[in-house]
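Thanks for coming, everyone. I'll keep this brief.

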Amino acid sequence: MAYAAGAGLNTTRICLDGTRTEILKDIIHWIANCDVNAPRILWLHGQAGRGKSAIAHTIGSWIQDVGAPGTFFCFARDRQNERREEKIVTTIARDLADREPAFRRVLSNIVSNNHSLKTTCDVLKQWKRFVLEPLSKIS
């Protein structure tokens with residue numbers, strides 16, 4: 001399965017200590033919210049140079065530090081020739097498999113002996129088979 005090298009967490013890009021504390025607190029609260037009616041997507045947006053990437057790397061670092069399962073995927077304008085957008089779902093699936101043995105076993109069963117599935121560009125099919133299906137089969 002394709003993997004987007006260099007798209008992961010970079011702790012050298014985190015926020016400086018004591019900066020952006022309010023937005024970081026809000027995002028951590030959103031992540032920890034167990035309410036089934038809570039929104040499951042957070043859209044971090046703003047003008048270029050306003051710290052969105054630093055915030056994202058800081059949150060990614062926090063998630064890693066607390067040992068929560070997850071993955072981190074960063075797009076970069078200066079690396080568009082690597083076609084990272086085509087590798088987002090496979091990268092997420094492989095990262096989750098690296099962190100969770102049960103997920104790895106289910107994913108392995110799904111993709112073994114299925115070359116067309118491993119190489120498909122159908123993002124919806126990738127999402128369903130590589131992420132949703134394994135997650136639905138583990139506790």
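Which backbone oxygen does the side chain of Lys52 reach at 2.8 Å? That of Gln47. A word on ground rules. This is a predicted model, where local features need pLDDT of at least 70 and side-chain atom pairs count only at pLDDT 80 or more, while totals for chains, interfaces and linings use all residues. Residues are numbered from 1 along each chain as its sequence is written, and side-chain values use heavy atoms, with hydrogens and water left out.

Back to Lys52. The side chain of Lys52 also has a polar atom 3.1 Å from the backbone oxygen of Gly46. Polar contact here means a pair of N or O atoms within 3.5 Å; within protein, one must be able to donate a hydrogen and the other to accept it, and residues adjacent in sequence count only if both atoms are side-chain atoms. Leaving aside residues up to four places away in sequence, Lys52 touches Leu44, His45, Gly46 and Gln47. Contact means heavy atoms within 4.5 Å. Lys52 sits in helix 2, residues 52-65. Helices are DSSP runs (H or I, at least four residues), numbered from the N terminus. Is Lys52 buried, partly exposed or exposed? Partly exposed, at a relative accessible area of 25%. The cut-offs: buried is under 20%, exposed is over 50%, partly exposed is in between, with a 1.4 Å probe and protein chains only.

Now the domains. The assignment, automatic or from a database, gives domain 1 (21-76) and domain 2 (80-136). Their C-alpha centres lie 22 Å apart. Seven residues of domain 1 and 10 residues of domain 2 make the contact. Together the two domains bury about 770 Å², with 66% of it on carbon and sulfur atoms. Buried area is the accessible area (1.4 Å probe) that two parts lose on being put together, summed over both. On the domain 1 side, Thr71, Phe73 and Phe75 supply 60% of the area buried against domain 2.

Polar contact between the domains comes to one residue pair.

Arg20 is not a glycine, yet has a positive phi of about 55 degrees. Arg20 lies in the segment before helix 1 (21-32). Asn113, also not a glycine, has a positive phi of about 60 degrees. Asn113 is in the loop between helix 4 (101-111) and helix 5 (115-119), and is exposed at 80% relative accessibility.

Methods
Helix = DSSP H or I, 4+ residues; strand = E, 2+ residues; numbered from the N terminus.
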